[in-house]
Amino acid sequence: MSNELSKPENTALATQAQPQRGFEGGVDREDLIIPRAKLIQALSPELTEGLDGIKVGSIINSLTKEVLPQEFIPIFTFKNFIRFNPRSKDDPNFDPDFVPGGVIWKSTDPADEKVKEEAKFGPNGEKPLATTFINFFSYFPGVPMPVVVSFSKTGYKTGKNLLSLAKFCGGDMFGRKYRLFSQMETNDVATYSVLKVKPVGPVTPDEFQLCERLWNEFSAKASVIQVHDEEVQEETAEKRPY
């Protein structure tokens with residue numbers, strides 16, 4: 001059987017098997033920016049950048065801007081919470097001390113008082129001020145870096161479905177592979193894309209070994225993982241209704 005770790009496209013994920021020269025001073029996990037699987041919407045800036053093959057509904061690596069393969073393997077999950085400033089200065093929740101759409105605060109601690117107060121629906125169904133993200137630190141076969149797949153707002157149900165599938169199938173989360181794709185939905189504002197997930201089946205022994213290595217390297221430091229492109233809330237049609 002061929003070894004996945006020997007393939008050039010996986011070299012960056014094989015640092016323990018083949019140490020990379022130039023990093024002798026060490027790399028702190030909190031200094032690494034992990035790309036996320038970014039779903040392209042009608043208002044995404046990538047559509048105006050002339051990038052090949054990118055259209056509404058494309059799912060790209062937010063760091064490299066390359067379209068991601070459809071299949072992925074979730075390795076571990078973690079939540080984070082972000083309160084973004086509204087983009088409109090007329091919004092009653094707008095804070096003039098922060099730029100429109102910028103981050104007011106973020107947390108990975110569900111016991112944080114800000115999270116308990118602002119990341120839940122109000123007693124009369126009021127929309128939370130903060131956004132809850134369910135994240136899956138993942139491996140996309142052929143991609144030379146881990147990628148975080150995040151679900152929030154209208155996509156949060158898909159994240160819960162993935163978590164349930166991974167949990168109830170038994171075994172390690174990274175023992176099974178899934179397909180990530182987009183689907184168009186419509187609300188009273190516009191038509192937009194949402195992420196969807198379907199199970200594919202068991203991973204190969206080489207994929208399992210590689211994912212286990214990433215789990216050993218990153219899972220204990222999930223609270224300090226920096227996900228790329230989190231500092232500003234992107235303008236999308238789906239952000240108004242919750």
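These notebook entries record what I looked up in this predicted model.

**Ground rules.** I number residues from 1 along each chain as its sequence is written, and I leave hydrogens and water out, so that side-chain values use heavy atoms. Because the model is predicted, local features need pLDDT of at least 70 and side-chain atom pairs count only at pLDDT 80 or more, whereas totals for chains, interfaces and linings use all residues.

**Strand 7.** I began with strand 7, residues 147-151; helices (H or I, at least four residues) and strands (E, at least two) are DSSP runs numbered from the N terminus. I noted that five of its five residues are buried, where buried means under 20% relative accessible area, exposed over 50%, and partly exposed in between (1.4 Å probe, protein chains only). In a regular strand the side chains alternate between the two faces of the sheet. Here I found both faces covered, with Val-147, Val-149 and Phe-151 buried on one side and Val-148 and Ser-150 buried on the other.

I then looked up the partner and found that strand 6 (residues 131-139) pairs with strand 7 in the antiparallel sense over five bridges; two strands pair if DSSP finds at least two bridges between them. Phe-136 is the residue standing opposite Val-149 in strand 7.

**Ser-150.** This residue of strand 7 is buried, with a relative accessible area of 17%. I recorded a polar contact of 2.5 Å between the side chains of Ser-150 and Asn-135, a polar contact being a pair of N or O atoms within 3.5 Å; within protein, one must be able to donate a hydrogen and the other to accept it, and residues adjacent in sequence count only if both atoms are side-chain atoms. Leaving aside neighbours within four places in sequence, Ser-150 is in contact (heavy atoms within 4.5 Å) with Phe-133, Ile-134, Asn-135 and Leu-195.

**The cores.** I next asked which residues have the most contacts inside the largest nonpolar core, a nonpolar core being a set of buried Ala, Val, Leu, Ile, Met, Phe, Trp, Tyr and Cys residues joined through side-chain atoms within 4.5 Å. This core has 20 residues, and the ones with the most contacts inside it are Ala-37, Phe-72, Phe-140, Phe-151 and Leu-180. Strand 2, strand 6, strand 7, helix 2, strand 8 and strand 9 each give two or more residues to this core. A second, separate core of 17 residues includes Val-148, Val-203, Leu-214 and Ile-225.

**Helix 2.** I saw that helix 2 has 13 residues and reaches 18 Å from its first C-alpha to its last, close to the 18 Å expected at 1.5 Å a residue (the expected span is 1.5 Å times one less than the number of residues). Its residues Tyr-156, Thr-158, Gly-159, Leu-162 and Ala-166 are buried. The face turned away from the buried side carries the exposed residues Lys-157, Lys-167 and Phe-168, while the cover over the buried residues includes strand 4, strand 6, strand 7, strand 8 and strand 9.

**Two loop residues.** Asp-109, in the loop between strand 5 and helix 1, is partly exposed at 39% relative accessible area.
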